[in-house]
Amino acid sequence: MKAQTVNVKESVGRVLSCTIFRPGGKKLLAKGHVISEEDTKLLEVEGMNEIWVTQLEEGEVGEDEAVMQVASGMGCGSVEIRLAAGGRANLLATEPSCVLVDDELLKQINCTASIAIATVANFSYALTGQRIATVKSSPFAVAKDHLEAVHSILTERGPILQARPIRNPTVAVLYTDPVHGDRARTLFESVMRQRLERLGSGVAFALAAVEEEMAVARGLQHLLRAKPTMILIASTTAPAGPADVIGRSMARVGCSLERFLAPVEPGNLLLLGYKDEVPVISAPGCFRSGKPNVVDLILPPMLARYRVSGWEIACLGHGGLLA
């Protein structure tokens with residue numbers, strides 16, 4: 001990229017290499033702005049005859065074109081791309097979504113020269129119109145070979161980011177207590193409702209059961225017949241593991257164990273299983289308080305009908321100390 005002084009009348013299509021201010025200090029045109037016919041007339045009115053501009057050299061791509069190329073290949077799902085000033089492109093969610101981010105691929109791209117990408121955290125909940133990622137280039141231009149390196153990585157590995165829409169999820173809740181299931185409902189129902197409402201959802205089906213293996217299994221069977229998006233088990237006791245009452249009840253209805261114990265505090269005693277494609281989650285103590293815990297981390301992807309794996313639960317340890 002070369003900077004040079006040109007006559008204002010010959011500057012159409014050129015890129016400003018520095019910001020132009022009016023005599024009073026008000027910004028007239030920003031650095032990186034592409035000069036138009038209207039701009040030349042404005043500059044002449046302001047009494048300017050020459051301006052500093054930059055010129056692309058062979059093997060370079062302008063900053064706006066570069067960030068748009070990268071942005072168009074790095075995201076998928078319910079995403080809209082908007083070009084912003086200064087060699088930046090923003091990705092926005094077009095509907096309520098869970099944002100899935102390939103962290104390793106993001107690191108790999110950010111290690112290439114001339115391009116920097118920032119995203120929201122993996123499993124984040126995004127509202128319609130919320131910015132979920134931004135792509136920034138080096139000023140004015142990006143070397144074509146740097147862009148080709150990024151394209152090669154994306155072609156081989158796929159998108160960095162997916163905005164997975166959350167559309168009409170149905171959440172089922174089973175409240176359990178060793179003495180009377182309705183006691184658990186009384187303790188947890190309000191907090192449960194508030195937690196789901198923050199994510200634009202609510203409880204579609206709810207049952208209460210005494211915390212005994214057969215009773216809990218019957219409750220799960222009833223809820224599974226409704227084909228919910230997920231089942232949350234809100235128990236007043238803490239499981240000792242898959243061999244405890246909740247775990248045995250899940251196994252009895254055919255759930256396969258995906259993960260016990262999460263590297264998240266609060267929420268270490270998470271128990272996650274799947275009955276076919278329906279996740280069944282027990283997280284004792286997490287439904288007592290509205291404060292952030294492991295349930296808040298995994299609800300968005302599950303509301304978006306994404307199958308969270310035991311490996312992904314294990315990866316929550318980095319940043320998992322919430323309290």
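Reader: Let's zoom in on Arg 185: does it count as buried, exposed or partly exposed, and at what relative accessibility?

Author: Keep in mind that this is a predicted model. Arg 185 counts as partly exposed, since its relative accessibility is 24% and the buried class stops at under 20%. Its side chain meets that of Asp 182 in a salt bridge, with N to O at 3.6 Å. Asp 182 is also partly exposed, at 37% relative accessibility. Both sit in helix H5, which covers residues 181-197, and because they are three residues apart there, about one helical turn separates them.

Elsewhere, salt bridges with shared partners tie Asp 103, Glu 104 and Lys 107 into one network. The total count of salt bridges comes to 14, so let's pick out a couple more, given that the cut-off for such a pair is 4 Å between the nitrogen and the oxygen.

Glu 80 and Arg 82 are one of these pairs, their side chains meeting at 3.3 Å, N to O. Glu 80 is partly exposed at 33% relative accessibility, and Arg 82 is partly exposed too, with a relative accessible area of 44%.

Then there is Glu 95, which forms a salt bridge with Arg 167, where the closest N and O atoms are 2.7 Å apart. This pair links distant parts of the chain, the two residues being 72 residues apart. Glu 95 lies in the loop between strand E9 (88-93) and E10, while Arg 167 lies in the loop between E15 and strand E16 (171-177). Glu 95 is buried, with a relative accessible area of 18%.

Glu 312 is buried yet has no salt bridge. The nearest side chain of opposite charge belongs to Arg 307, and that one is 8.5 Å away. Glu 312 has its place in helix H9, residues 310-314. If you leave aside its neighbours within four places in sequence, Glu 312 is in contact with Phe 123, Tyr 306 and Arg 307.

Phe 123 turns up again when we go to the pockets. Rolling a probe the size of a water molecule over the atoms shows where empty space is left. The largest pocket has a volume of about 830 Å³. Its lining is made up of 31 residues, and those that lie nearest its centre are Val 101, Asp 103, Asn 122, Phe 123 and Cys 315. Asp 103, you'll recall, is also part of the salt-bridge network with Glu 104 and Lys 107.

Several elements each supply at least two residues of that lining: strand E10 (97-101), helix H3 (103-110), strand E12 (124-126), strand E15 (161-165), helix H8 (294-303) and H9. H3 gives the most, with four residues. Sorted by class, the lining of the largest pocket has 18 nonpolar, seven polar and six charged residues.

The second largest pocket holds about 150 Å³ of space. It is lined by 14 residues, and the closest to its centre are Val 15, Val 34, Leu 56, Gly 62 and Phe 140. Strand E5 (50-55) and helix H2 (63-74) are the elements that give two or more residues to this lining. The largest share, three residues, comes from H2. By class, the lining of the second largest pocket has five nonpolar, five polar and four charged residues.

To finish, here are a few backbone details in the loops. A cis peptide bond joins Glu 265 and Pro 266, with omega at about 5°. Pro 266 has its place in the loop between strand E19 (256-260) and strand E20 (271-275).

Lys 227 has a phi near 55°, a positive value in a residue other than glycine. You'll find Lys 227 in the loop between helix H6 (213-225) and strand E18 (230-235). Lys 227 counts as exposed because its relative accessible area is 70%.

Asp 276 is not a glycine either, although its phi is positive at about 60°. Asp 276 lies in the loop between E20 and strand E21 (278-282), and with a relative accessible area of 57% Asp 276 is exposed.

Notes: Residues numbered from 1 in each chain as written. Predicted model: local features only at pLDDT ≥ 70, side-chain atom pairs only at ≥ 80, totals over all residues. Heavy atoms only, no water. Buried < 20%, exposed > 50% of the residue type's maximum accessible area, 1.4 Å probe, protein only. Lys, Arg positive; Asp, Glu negative; His and termini not counted. Contact = heavy atoms within 4.5 Å. 1 Å grid on protein atoms, 1.4 Å probe; cavity = no way out; pocket = protein on both sides within 12 Å on 5 of 7 lines; lining within 4 Å. Points joined across faces, edges and corners; volume = space filled by probe spheres on them. Nonpolar A, V, L, I, M, F, W, Y, C, P; charged D, E, K, R; others polar.
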